[in-house]
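Please look over the model below before reading my comments. They are written for someone new to protein structures.

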Amino acid sequence: MAYKFGPNEQCLRRCQAVIPVILRAADEVTSQGVRVPVEHQDVVRPLMGWWQFTNRTAKALVSLYDQGYTVEAAPLMRNLMGHAYAMNWLADTGVPAVVALSAYWNEHRRKLAENVDATWNLPEPVTVAPAEPLVFANAESERMHKKLLGELKNFDTLVVAYGTPDVYPVYRHQSAYSHTTGATADAFLIADDGKLKFTTEPKGGEADITAERLWIPVALLQAAAAISPMLVGNPMKPTIDKALGDLGLPRTLLNLQRARPL
């Protein structure tokens with residue numbers, strides 16, 4: 001029987017059933033220890049950390065949704081989407097992406113230390129070991145590095161690079177609940193016959209998170225598909241293949257390719 005993925009009750013039930021299956025399979029893979037071919041070790045190191053973060057974020061989202069939290073969980077949904085895409089980017093680009101990630105993280109730590117030193121009255125200044133200066137083989141490799149940094153820093157740039165610009169409005173919608181915007185206030189305010197009322201729970205309720213519940217397994221599958229081929233035996237492949245069939249999802253959602261070469 002062929003299933004069709006979409007915003008309907010039947011698909012929602014299948015998604016809710018598939019999510020724990022994917023998470024259990026991931027736990028089994030990591031609990032047994034993984035073997036990584038030498039050529040993938042540099043990339044798998046950050047990938048594995050992001051995979052654990054992604055899986056735990058999905059668990060947290062399901063728990064919050066089941067408890068009735070909706071807009072409050074939006075920052076986690078944004079994180080889940082962003083990290084699933086970043087894992088695809090890292091696996092697809094390889095070592096140059098690892099270099100860009102390291103440079104971005106070093107920049108963040110340096111700026112944080114500068115902020116602390118400028119605003120906190122500490123006995124000793126915060127010090128961050130300076131990173132080794134990057135040496136590029138040529139102007140082209142430097143251009144590529146700067147482009148990768150731009151993709152990592154800006155989700156809209158990343159999704160455009162992978163030919164899926166339609167994903168960004170969803171991410172931007174979640175961002176409205178991740179910052180101090182009118183969206184987080186409006187969720188609890190009701191205009192009724194000229195009167196402004198408030199509610200102790202967000203408007204919309206469960207209907208407002210149907211799309212999010214549907215997308216959790218998609219993000220989990222994208223994350224698993226990014227790391228699994230880099231592990232000996234491709235251990236998540238059977239789970240990924242079955243989940244795609246169970247949900248009626250096209251394989252094109254996984255292992256996204258660049259719209260144009262770097």
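The numbered points below go from the whole chain down to single residues.

1. Basis. This is a predicted model, in which local features need pLDDT of at least 70 and side-chain atom pairs count only at pLDDT 80 or more, while totals for chains, interfaces and linings use all residues. Residues are numbered from 1 along each chain as its sequence is written, and side-chain values use heavy atoms, with hydrogens and water left out.

2. Overall make-up. The protein has ten helices and two strands. These are DSSP runs, numbered from the N terminus: helices are H or I of at least four residues, strands are E of at least two. From the N terminus on, the order is α-α-α-α-α-α-α-α-β-β-α-α. Of the 262 residues, 37% are buried (under 20% relative accessible area, with exposed over 50% and partly exposed in between, using a 1.4 Å probe and protein chains only).

3. Helix α7. In this helix, residues 168-176, the buried residues are Tyr 171, Gln 174 and Ser 175. Seen down the axis of α7, they fall within an arc of 105 degrees, so they line one face of the helix; the arc is that of the directions from the helix axis to the C-beta atoms. An α-helix has 3.6 residues a turn, so residues three or four places apart point the same way. The buried residues of α7 pack against α3 (74-93), α6 (155-161) and α9 (210-227).

4. Aromatic rings. The structure holds three aromatic pairs (rings of Phe, Tyr and Trp, the last by its six-membered ring, with centres within 6.5 Å; planes under 30 degrees apart are stacked, over 60 edge-to-face, the rest tilted). Tyr 85 and Phe 155 form an edge-to-face pair, 5.5 Å centre to centre with 75 degrees between the planes. Tyr 85 lies in α3 and Phe 155 in α6, so the pair ties together parts 70 residues apart in sequence. Both residues are buried. Ring pairs also link Tyr 85, Phe 155, Tyr 168 and Tyr 171 into a cluster.

5. Ser 228. Where does Ser 228 sit? Its place is in the loop between α9 and α10 (237-247). Ser 228 is buried, with a relative accessible area of 1%. A polar atom of its side chain lies 2.9 Å from the backbone nitrogen of Met 236. Leaving aside neighbours within four places in sequence, Ser 228 is in contact (heavy atoms within 4.5 Å) with Asn 234, Pro 235, Met 236 and Lys 237.

Terms used
Polar contact = N/O pair within 3.5 Å; in protein donor to acceptor, adjacent residues only side chain to side chain.
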